[in-house]
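I would like the terms defined as they come up.

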Amino acid sequence: YNLAFYYFNRQKSFLYYSLMQFSTIILLLIIAMPIKLFYTIFQYINIFDISVDLIIIFSILFSMEFLNSKKHIPIIHKLWVCVLSISLIDLFIIPFHENTFVYEYIPTFIPIGIGVVAAVFVLIKGNKPALFYIIGWMIIFISVFIVDTEIFDINETYILHFAFPFEALVFSFAIGYKMKLIEAEKQKNEQLMIHQSRLASMGEMVANIAHQWRQPLTHLSYAHMNLKTAYDQEKLSSEYFNKKTEEVNDQIEFMSHTIDDFSNFFKSDKKSQGFGILNTIENTHRLLMASFKHSGITVDIQCKSEVFINSYENEFSQVLFNLLNNAKQELIEKKIESPKIIVEIIEQRKTILIKITDNAMGIDEKIIEKIFEPYFTTKDSGMGIGLYMSKVIIEEHMNGKLSVKNIPNGVTFEISVPKG
């Protein structure tokens with residue numbers, strides 16, 4: 001059970017705990033079964049003491065990993081390292097000494113007691129899964145203490161066969177609870193990175209607002225000059241005034257729509273809803289239209305008909321903005337003649353494919369596999385989270401796929417999202 005968890009998420013605590021359980025099973029078999037079954041092995045090596053050492057070694061490794069002792073309790077972590085080193089030395093001494101050298105003098109419940117004390121300190125610091133650890137380890141501590149000290153006349157087989165399975169059940173809850181906390185922390189970090197990604201785009205947004213507003217501001221300035229000149233020369237007729245007023249209102253309305261477009265970009269989607277892919281692409285393109293025009297970049301949007309999906313429109317718009325803006329920056333940086341971006345919307349049987357292609361000479365093959373990694377960037381002022389968050393949004397939030405490939409003289413980003 002724990003090995004399966006380790007296989008899928010590679011957390012060492014699952015591996016150490018499963019090895020500890022395996023060592024415990026061996027010990028319980030030795031205790032429960034007639035010695036004749038193990039007589040041949042006992043002639044060459046004391047597997048009883050070896051299994052005890054292995055339980056202690058793997059329990060310490062599990063405890064260090066589960067409680068993150070190096071970070072939370074560095075002093076006890078150093079003590080554990082010492083006990084671990086002693087146990088490893090003892091493990092290698094047993095084949096030559098025939099019996100345990102260390103735990104012949106030190107009760108085996110002491111390393112377990114250290115674990116309980118350590119868990120209390122970690123729990124005080126706010127690590128909630130440590131509570132399960134304390135409960136489970138107290139069960140083992142009491143059981144081993146009774147066996148080692150023999151203060152009660154109880155068969156040690158019964159005690160250990162009760163203690164270890166019950167402890168395993170408690171730790172199953174502990175590990176499950178810890179996984180829940182890890183998932184919650186992961187979602188929290190993703191939301192933080194989405195926020196950081198949007199903040200990183202804000203500078204680009206300000207530049208694009210400046211581009212969008214430059215032309216209407218010029219028109220407003222001309223309209224003002226024309227009205228003033230007509231008034232000074234006493235040629236300001238009602239018809240001319242109405243004409244210029246209408247022009248001014250048109251420009252102000254355009255500027256107001258621009259602000260609305262940019263404001264909508266930064267709104268968070270609370271739930272999925274139906275929206276048209278083409279309409280979202282056109283709206284996102286409009287945010288960058290002025291800067292594209294200023295840089296001489298042609299954008300060709302190819303779509304036979306509108307297609308709809310049920311997902312998070314603003315997050316999808318952020319992905320489009322990142323990809324289009326990155327393409328724009330590459331085209332400008334590499335000083336491409338006749339710079340061009342092609343956006344294709346292709347409706348397939350179960351999915352919708354969006355291709356964003358530029359002619360910016362492609363991405364270096366040495367780094368193309370790394371561009372979706374967090375904080376990887378080739379730009380001096382870049383944060384390296386735009387493409388990472390784009391992949392998270394498409395693949396985790398929208399159940400789609402985002403990939404990249406070089407083509408002759410350029411690169412293509414492909415977004416595949418399910419219909420519906």
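Cys-82 is partly exposed, with a relative accessible area of 46%, and Cys-303 is likewise partly exposed, at 26%; here buried means under 20% relative accessible area, exposed means over 50%, and partly exposed lies in between, all with a 1.4 Å probe and protein chains only. A search of the whole structure finds 0 disulfides, a disulfide being a pair of cysteine sulfur atoms within 2.5 Å. This is a predicted model, in which local features need pLDDT of at least 70 and side-chain atom pairs count only at pLDDT 80 or more, while totals for chains, interfaces and linings use all residues. Residues are numbered from 1 along each chain as its sequence is written, and side-chain values use heavy atoms, with hydrogens and water left out.

The secondary structure of the protein chain comes to 13 helices and 7 strands, where helices (H or I, at least four residues) and strands (E, at least two) are DSSP runs numbered from the N terminus. Of the 420 residues in the protein chain, 41% count as buried. Among contacts (heavy atoms within 4.5 Å) between residues at least 6 apart in sequence, 71% join residues at least 24 apart.

The largest nonpolar core holds 40 residues, and Ile-277, Phe-316, Ile-341, Ile-354, Phe-413 and Ile-415 have the most contacts inside it; such a core is a set of buried Ala, Val, Leu, Ile, Met, Phe, Trp, Tyr and Cys residues joined through side-chain atoms within 4.5 Å. Two or more residues come from each of helix H11 (277-295), H12, strand E4 (340-347), strand E5 (351-358), H13, strand E6 (401-407) and strand E7 (410-418), and H12 gives the most, with 8 residues. Not counting residues up to four places away in sequence, Phe-316 touches Phe-275, Ile-277, Thr-280, Ile-354, Ile-393, Ile-394, Met-398 and Ile-415. Apart from this core lies another, of 34 residues, among them Tyr-16, Phe-62, Ile-76 and Val-122.

Helix H12 (residues 313-333) packs against helix H13 (residues 386-397) at an angle of about 145 degrees, with the axes 9 Å apart; axes are lines fitted to C-alpha atoms, for helices over the stretch in contact, and angles run from 0 to 180 degrees between N-to-C directions. On the H12 side the contact includes Phe-316, Val-319 and Leu-323, and on the H13 side it includes Leu-387, Ile-393 and Ile-394. By class, this contact has 6 nonpolar, 6 polar and 1 charged residues, with Ala, Val, Leu, Ile, Met, Phe, Trp, Tyr, Cys and Pro counted as nonpolar, Asp, Glu, Lys and Arg as charged, and the others, Gly among them, as polar.

Ser-13 is found in helix H2 (residues 12-32) and counts as buried, because its relative accessibility is 3%. Leaving aside residues up to four places away in sequence, Ser-13 touches Phe-62, Glu-65 and Phe-66, and the C-alpha atoms of Ser-13 and Met-64, 51 residues apart along the chain, are separated by 8.5 Å.

Two loop residues remain to be described. Most residues other than glycine have a negative phi. Lys-335, however, has a positive phi of about 50 degrees although it is not a glycine; Lys-335 sits in the loop between H12 and E4 and is exposed, with a relative accessible area of 72%. Asn-409, in the loop between E6 and E7, also has a positive phi, near 70 degrees, and counts as exposed because its relative accessibility is 51%.
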